[in-house]
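Biologist: Could you take me through one part of this model up close, namely the ligand site, and then show me how some of the helices pack?

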Amino acid sequence: MLVDNHNRTINYVRLAVTDRCNLRCNYCMPAEGINFAKNDKLFTIDELSRLSEILVSQGVDKIRITGGEPFVRKDLMVLMRHLSQLEGLDDISVTTNATLIGPYIDELKELGIKNINVSMDAINRETFEKITRRDHYDTVHNNIIRLITEGFNVRINFIALEGQNIEDILPMLELTKHYEVSVRFLEEMPFNGGSKTFESIAWDYKRILAYVKERHPDYYELPSPKTSTSINYKIPGFKGSFGVIPSFSRTFCGSCNRLRISATGDVITCLYAQPSMNIRDILRAEGSTEKIKESILKAIGSRSKTGFEAQQKYKGVFANSMTSIGG
Ligand code: SAM
């Protein structure tokens, strides 16, 4: 079992399979993209499979595949097939922008992979295209509806961005009236591929909730798992639910059960922390399973208690993009 230096059990790994993305969401990346890693710096599928096996043997029972956009990797399904065979791995989830998932939906279902988070920050086409700087609205919208009707557990992640998509909050919420889907409103974080730090943000979770309450005063809180980063609610009579994720306010650090591994092998013990080490280098240099296990244990043995503490310890400027970290 993986237990950190604050006695938190780590059973959830977010594995980025690429840093490349076919969208250019303006809060995540500059229009021209970032300096994407060279191919040989990215994990191969064999390496990702091996690393996953080791992590599962250490007690990890949930792996979320993220990126970049995971489906830009043509060999992604090879990994998914491997993960679906791993004993002890109870939950395989994917975070995607839903532009390229269409051809893989049937196989994902066959493999029993049901938890799909889709990032969609606007229900209005023009707003969506402005934020993503691409014109994939119909594909994303149709794939979301298809995933929901095919029985996947779909959660839509929507970042509340002042001056951009606030008018879309209530219309996006309307989706939950007709569909069994969860819409989660996230706070923006200072990771956009440029140097950025926020003192405060315009739309924190409290303001988002107050805004929703004006229209739906009778929503009520749902029970959530202890390690959940979202606080979840239901509007009476609506099929789905909604939630808020205080990703900037960081109210959930006390129960954090996750570890992030970037597509180039950086081990990140907190979104606001610098990478602790590079596990790809260890995997390629020594290869021994024991050494890899030891290195993971070492990384989680020196985690910051909270995202605020991690931010304080951060040396240099926050110049990361979420496309490298995996969200
Ligand atoms: N391409 C996939 C997707 O679109 O969901 C996975 C990678 S994406 C980097 C993962 C998540 O990070 C998305 O939900 C995205 O909205 C979120 N994200 C990116 N930049 C962010 C920022 N500056 N603040 C908050 N969330 C951010």
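What kind of atom of M189 lies 2.9 Å from a nitrogen atom of the ligand?

Modeller: Happy to! In M189 that is a backbone N or O atom. Before going on, please note that this is a predicted model, where local features need pLDDT of at least 70 and side-chain atom pairs count only at pLDDT 80 or more, while totals for chains, interfaces and linings use all residues. Residues are numbered from 1 along each chain as its sequence is written, and side-chain values use heavy atoms, with hydrogens and water left out.

Back at the ligand, M189 belongs to a group of 20 residues around it, and Y27, G68, S119, M189 and M322 come nearest; a residue is near if one of its heavy atoms lies within 4 Å of the molecule. G68 also places a polar backbone atom 2.9 Å from a nitrogen atom of the ligand. With E69, a polar side-chain atom is 3.0 Å from a ligand nitrogen atom.

Now the helices, which are DSSP runs (H or I, at least four residues) numbered from the N terminus. Their axes are lines fitted to C-alpha atoms over the stretch in contact, with angles from 0 to 180 degrees between N-to-C directions.

Helix α1 (residues 45-57) packs on helix α2 (residues 76-84) at about 20 degrees, with the axes 9 Å apart. That makes the two roughly parallel, a label for angles under 35 degrees. I45, L48, S49, S52 and E53 of α1 make the contact with V78, L79, H82 and L83 of α2, where contact means heavy atoms within 4.5 Å.

Helix α4 (residues 125-132) and helix α5 (residues 137-149) have axes 10 Å apart and an angle of about 110 degrees. So α4 is roughly perpendicular to α5, the term for 65 to 115 degrees. Here R125, F128 and E129 of α4 meet Y137, D138 and V140 of α5.

The axes of helix α6 (residues 169-178) and helix α7 (residues 205-215) come within 11 Å and cross at roughly 70 degrees, so α6 is roughly perpendicular to α7. From α6, I169, L170 and L173 meet Y211, V212 and R215 of α7. Those residues divide into five nonpolar, no polar and one charged; Ala, Val, Leu, Ile, Met, Phe, Trp, Tyr, Cys and Pro count as nonpolar, Asp, Glu, Lys and Arg as charged, and the others, Gly among them, as polar.

Definitions and conventions
Angles under 35 degrees count as roughly parallel, over 145 as roughly antiparallel, 65 to 115 as roughly perpendicular and the rest as oblique. A polar contact is a pair of N or O atoms within 3.5 Å; within protein, one must be able to donate a hydrogen and the other to accept it, and residues adjacent in sequence count only if both atoms are side-chain atoms.
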